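Student: I have a chain to go through, and I want each label checked against its definition. Can we start with the surface and work inward?

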Amino acid sequence: MSTRIAFLKGHGTENDFVIVPDPENAIDLTPAAVAALCDRRAGIGGDGLLHVVRSAAHPEAKELAAEAEWFMDYRNSDGSIAEMCGNGVRVFARYLQCAGQVAEGDIAIATRGGVKTVHLAKDGDVTVGMGRARLPEGDVTVSVGERSWPARNVNMGNPHAVAFVDDLADAGDLLSPPPFSPAAAYPDGVNVEFVIDRGPRHVAMRVHERGSGETRSCGTGACAVAVATARRDGADPAVTGTPATYTVDVPGGRLVITERPDGEIEMTGPAVIVAEGEIDAEWLAAVAADGE
């Protein structure tokens, strides 16, 4: 019998992930292997992959081991590495809870975007401390077809371009990355959010995630949208001295984003584990070899 590798499947507002528990970092997840696992027809299917590793066992997280026992080694569905994934952190924490590694309350999770504080609430929602947004200066434009919009450059540990439009259909099919300018604004590509107003402190968005295409939700994108909307509305908490809370509807559900006067941002939403099973290691090795 061939070797089997355990996996789970989970989602946060329908941003879905393949979860591979690997505490000692013993599994070689090449870009080709990740892309095969995330393939929705030939693999398990997901917007990304959550590689669950103890911080002390991963070379990129060893220095964070004293602050956070677990490292979220996050990969996009095309196999590329990403700095952070807000929905992914919530699902990662839910997995740790289901596996008996953590209990309700506050936990710390290491990511390439720094250590994130996560609160597992009794009502099932998960709140993530997303850190502070950076707002690089300079004008940015995004385009779909012949139309272009000014966009707000927001960095949440990963890059975002937030454009306000009249209709979410203006974003087109989002199968390919929307062009942007200037190219120097995002040398490694960008996540692009298209946003409409739904009501006071209430917006809706669609997103093209770098390396994944359009997804049903993007946690860092929802935070970037809330920050950009607050600035547009003149509700910068650092200026007003009061927190700004926005409800952000995504195709897969709803997230609530709060930015505090000190700049810290919190995101609250659901996280669900839906299935678990085993991967055939021989198949994974074969598809990984084919991709080399």
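Tutor: The accessible surface of the chain comes to about 12500 Å², and 49% of that belongs to carbon and sulfur atoms. Such areas come from the Shrake-Rupley method with a 1.4 Å probe; for residues, only the protein chains shown count as cover. This is a predicted model, in which local features need pLDDT of at least 70 and side-chain atom pairs count only at pLDDT 80 or more, while totals for chains, interfaces and linings use all residues. Residues are numbered from 1 along each chain as its sequence is written, and side-chain values use heavy atoms, with hydrogens and water left out.

Student: What makes the chain as compact as a globular protein of its length?

Tutor: First the inventory: the secondary structure comes to 5 helices and 18 strands, where helices (H or I, at least four residues) and strands (E, at least two) are DSSP runs numbered from the N terminus. The radius of gyration is 19 Å, close to the 19 Å that the globule rule gives for 292 residues, so the chain is as compact as a globular protein of that length. The radius is taken over C-alpha atoms, and the rule is 2.2 Å times the number of residues to the power 0.38. Along its principal axes the C-alpha trace spans about 60 × 45 × 30 Å.

Student: What share of the contacts with a separation of 6 or more comes from residues 24 or more positions apart?

Tutor: That share is 61%, with contact meaning heavy atoms within 4.5 Å.

Student: How far apart are the mean positions of the positive and negative charges?

Tutor: They are 4 Å apart, for 25 positive and 43 negative charges. Lys and Arg count as positive and Asp and Glu as negative; His and the chain ends are not counted. The place of a charge is NZ of Lys, CZ of Arg, CG of Asp or CD of Glu.

Student: Why is threonine 13 called buried?

Tutor: Its relative accessible area is 2%. Buried means under 20% relative accessible area, exposed over 50%, and partly exposed in between (1.4 Å probe, protein chains only). Threonine 13 is therefore buried at 2%. Of the 292 residues of the chain, 53% count as buried. Threonine 13 is in the loop between strand S1 (4-12) and strand S2 (15-21), and its phi is near 45 degrees, a positive value in a residue other than glycine.

Student: What makes helix H1 largely enclosed by the rest of the structure?

Tutor: In H1 (residues 31-38), 6 of the 8 residues are buried, so the helix is largely enclosed. The buried residues are Ala32, Ala33, Val34, Ala36, Leu37 and Cys38. They pack against S2, strand S3 (48-54), strand S4 (70-76), strand S18 (272-280) and helix H5 (281-290).

Student: Which residues have the most contacts inside the largest nonpolar core?

Tutor: They are Met72, Met205 and Ile257, in a core of 51 residues. Helix H3 (residues 219-232) gives the largest share of this core, 8 residues. Apart from it lies another core, of 16 residues, among them Ala171, Leu174, Tyr186 and Phe194. A nonpolar core is a set of buried Ala, Val, Leu, Ile, Met, Phe, Trp, Tyr and Cys residues joined through side-chain atoms within 4.5 Å. Beyond four places in sequence, the contacts of isoleucine 257 include Ala222, Cys223 and Ala226.

Student: How do you know that the peptide bond from serine 181 to proline 182 is cis?

Tutor: Its omega is near -5 degrees, and the bond is listed as cis. Proline 182 is in the loop between strand S11 (180-181) and strand S12 (191-199).
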